[in-house]
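Here are my notes on the model, point by point. Please read them with the structure open.

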Amino acid sequence: MKVSLEAHRIPKCCICKKTGASIGCVAPRCKRSYHFPCGLQRECIFQFTGNFASFCWNHRPVQIITSNNYRDSLPCTICLEFIEPIPTYSILRSPCCKNAWFHRDCLQVQAINAGVFFFRCTICNNSDIFQEEMLRMGIHIPEKDASWELEENAYQELLQHYEHCDVRRCRCKEGRDYNVPDSKWEIKRCQCCGSRGTHLACSSLQSWEQNWECLECRGILYNSGDFQKAKKHTLPNTNVGITDCLLEESSPKLPRQSPGAQRKDLLRQGSKFRRDISTLIIELGFQIKKKTKRLFINKANIWNSALDGFRNQNFNPSYTIEIAYVNENDHFGKEQPGSKQEFLSLLMQQLENSPLFEGSLSKNLSLNSQALKENLYYEAGKMLAISLVHGGPSPGFFSKTLFNCLVYGPESTQPILDDVSDFDVAQIIIRINTAATMTDLNSLINEYYNYLELIGCLRLITSLSDKYMLAKDILVYHVIKRVQAPFESFKQGLKTLGVLEKIQTYPEAFCNIFCHKPENLSTKILSDLFTVHTLSDVQALGFWNSYLQAVEDGKSTVTMEDILIFATGCSSIPPAGFKPTPSIECLHMDFPVGNKCNNCLALPITSTYKEFQENMDFAIKNTLRLEKEENSHFIGH
């Protein structure tokens, strides 16, 4: 027995015109019905309280503002992006604070994260009036605890005291982490920040009660004019120089800014709300714990060594990584301490040249069935995430298409012809795009019929302009749809340590290091990069500056990158900088020595500049050549 649709009276959605609209506007005499997604798209309001009322776009509740005295844009107090202070569907005002404005989306995200117990006005902390108004305006406030309260051991780090001596010359033979209360080896923390420390003896402090500021805080106090007020003690006359006491290692903290500077910086950023890439990576680095994990790396087989280490069941990406180089031909099993940043730099070179990617300079993911079977795309994403968080180099080889797929999704990304590395496929696209007549176009379709049928791009051609849609379909298939499985696997690996989420939140900042190679090194960059921490030979330092200029001018057989590799193991400066900071010292020897574990370059002391340059060129060029020869048999992996 057939029954018509009208007999069932299935309501139609007034927006998409399809049946199944189960929600209607509660306003009297309003007969609009719609689907929930359609209502959201049309800016209807759904109240998640009381009778769960729904209002169409004509009858939805609005915020009444008696007068608008705001001439300029105001920042959303959640995301700080500037908005026009006019109440609309997308812009809401706090009922308790007249100067507090929000994006609806920002409020909804905060409500979901905070839950009913912690969702409140960001300015005055009022919850009752604020929640009542937000519920009226259609903000869903779930009855749950805040997301940050549900994390296990989320605040465990707050219970740990900082116990590490950061003075450049620690005099404790037991090490920087040695701490014995009520002795000269007790660690005193900075009275301002509490995140730097010193042994009492290392800073010539007579007792624990004496005040001590770290170098960074002392500089802030000095610049603020309060240095004399904050300085409540003087160092006694001892053999320990004041320079030795205050020269700490590079700080793990974020750069401090005064409130005034922060406000000016925010105004400069404007509505784009940009973040510095080094700051973002340093923030990701806060996840790294003090517990260490040693990786045994064979330099001749970097890829497989790293793969074995990362796949080890005891490996945790949030542990501090230590590198030990081993040689499989060494039957005595000797280990050599290695540089973590050098290892990560070599690993990124292996990743860039691996068969997991295709293309020349700007690369996309390839389709490698064996790699997919061995889950190597996931491991590649994981390696990239670990490298970034642990201070590795910029990748710099992603195409804009691959990066946009990661940030905005494949469905919102349009590839270009340069993304096609397969010459034959590129020729097919070019020939279809340049077909001059319908006869030519149909001839091409017949010629490539089997290929088009195989990739699902056969379409009905009714006019010559259809050739552009056909070429676009082929392009999207080859660059995006064909590698969908590798892409999803790679994306899952990139979620390690929250890297993908950070990239999607700040795409502009990360685009520069993913899609562009670092800037070329110059004399000024290297001069500023290397610091001199000890008293050095003045003539040797003069020779060093002249040598850098000669290298930049092409009057040497080495390059700026060679010098950096020789000293640090990296060919470019990592986005988060080097740790420890690269330094220079002068020693009475004939040739320079690079200590990659400490990023230290020891310069030779010579009588003439000519001898200095010849010795520098010889040592750097031959050292790098020997290292390259040792690893050359595996570079093609």
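**Notes on the predicted model**

1. **A bridge to start from.** Val-532 has Ile-584 of β17 as its bridge partner. The strands concerned, β16 and β17 (residues 583–587), pair in the parallel sense over 2 bridges. Strands count as paired if DSSP finds at least two bridges between them. Helices (H or I, at least four residues) and strands (E, at least two) are DSSP runs, numbered from the N terminus.

2. **Ground rules.** This is a predicted model; local features need pLDDT of at least 70, side-chain atom pairs count only at pLDDT 80 or more, and totals for chains, interfaces and linings use all residues. Residues are numbered from 1 along each chain as its sequence is written, and side-chain values use heavy atoms, with hydrogens and water left out.

3. **The chain overall.** The secondary structure comes to 25 helices and 19 strands. Of the 637 residues, 43% count as buried. Buried means under 20% relative accessible area, exposed over 50%, and partly exposed in between (1.4 Å probe, protein chains only). Take the contacts with a separation of 6 or more: residues 24 or more positions apart account for 62% of them. A contact means heavy atoms within 4.5 Å.

4. **The four-strand sheet.** Back to the strands of the opening point. They belong to an open sheet of 4 strands, in the order β16-β17-β19-β18, with mixed pairing. β16 (531–532) and β18 (593–595) are at the edges with a single partner strand each, so one side of each has no neighbour in the sheet. β17 and β19 run parallel and are joined by 5 bridges. Ile-584 has Leu-601 as its bridge partner in β19. Leu-601 also stands opposite Gly-594. β18 and β19 (residues 600–604) pair in the antiparallel sense over 3 bridges. Helix α24 (residues 560–568) lies across β18 and β19, at about 60° to β18. Axes are lines fitted to C-alpha atoms, for helices over the stretch in contact, and angles run from 0 to 180 degrees between N-to-C directions.

5. **The three-strand sheet.** Another open sheet has 3 strands in the order β11-β12-β13, again with mixed pairing. Its edge strands, β11 (289–298) and β13 (335–338), each pair on one side only. Neighbouring strands are turned by 35° against each other on average, direction ignored. β12 (residues 319–326) and β13 run antiparallel, joined by 4 bridges. Ala-324 has Pro-337 as its bridge partner in β13. Helix α11 (residues 340–352) packs on this sheet and touches β11, β12 and β13; its direction makes about 80° with that of β12.

6. **Crossed helices.** At what angle do α10 and α13 pack? The angle between α10 (residues 302–311) and α13 is about 85°, and their axes are 11 Å apart. That makes α10 roughly perpendicular to α13 (under 35 degrees is roughly parallel, over 145 roughly antiparallel, 65 to 115 roughly perpendicular, the rest oblique). From α10, the contact uses Trp-303, Ala-306, Leu-307, Phe-310 and Arg-311; from α13, Leu-376, Glu-379, Lys-382, Met-383 and Ile-386. By class, the contact has 7 nonpolar, no polar and 3 charged residues. Ala, Val, Leu, Ile, Met, Phe, Trp, Tyr, Cys and Pro count as nonpolar, Asp, Glu, Lys and Arg as charged, and the others, Gly among them, as polar.

7. **An enclosed helix.** In α21 (residues 507–515), 7 of the 9 residues are buried, so the helix is largely enclosed by the rest of the structure. The buried ones are Pro-507, Ala-509, Phe-510, Cys-511, Ile-513, Phe-514 and Cys-515. Their cover includes α9 (277–285), α13 (376–389), α14 (400–408) and α20 (499–505).

8. **Gln-63.** This residue is in the loop between β4 (54–55) and β5 (74–75). Is Gln-63 buried or exposed? Gln-63 counts as buried, at 11% relative accessibility. Its side chain makes a polar contact with the side chain of Glu-133 (3.0 Å). A polar contact is a pair of N or O atoms within 3.5 Å; within protein, one must be able to donate a hydrogen and the other to accept it, and residues adjacent in sequence count only if both atoms are side-chain atoms. A polar atom of the Gln-63 side chain also lies 2.8 Å from the backbone nitrogen of Arg-93.

9. **Asp-422.** Asp-422 sits in the loop between α14 and α15 (423–433). At 32% relative accessibility, Asp-422 counts as partly exposed. Its side chain reaches the backbone nitrogen of Val-425 at 3.2 Å.
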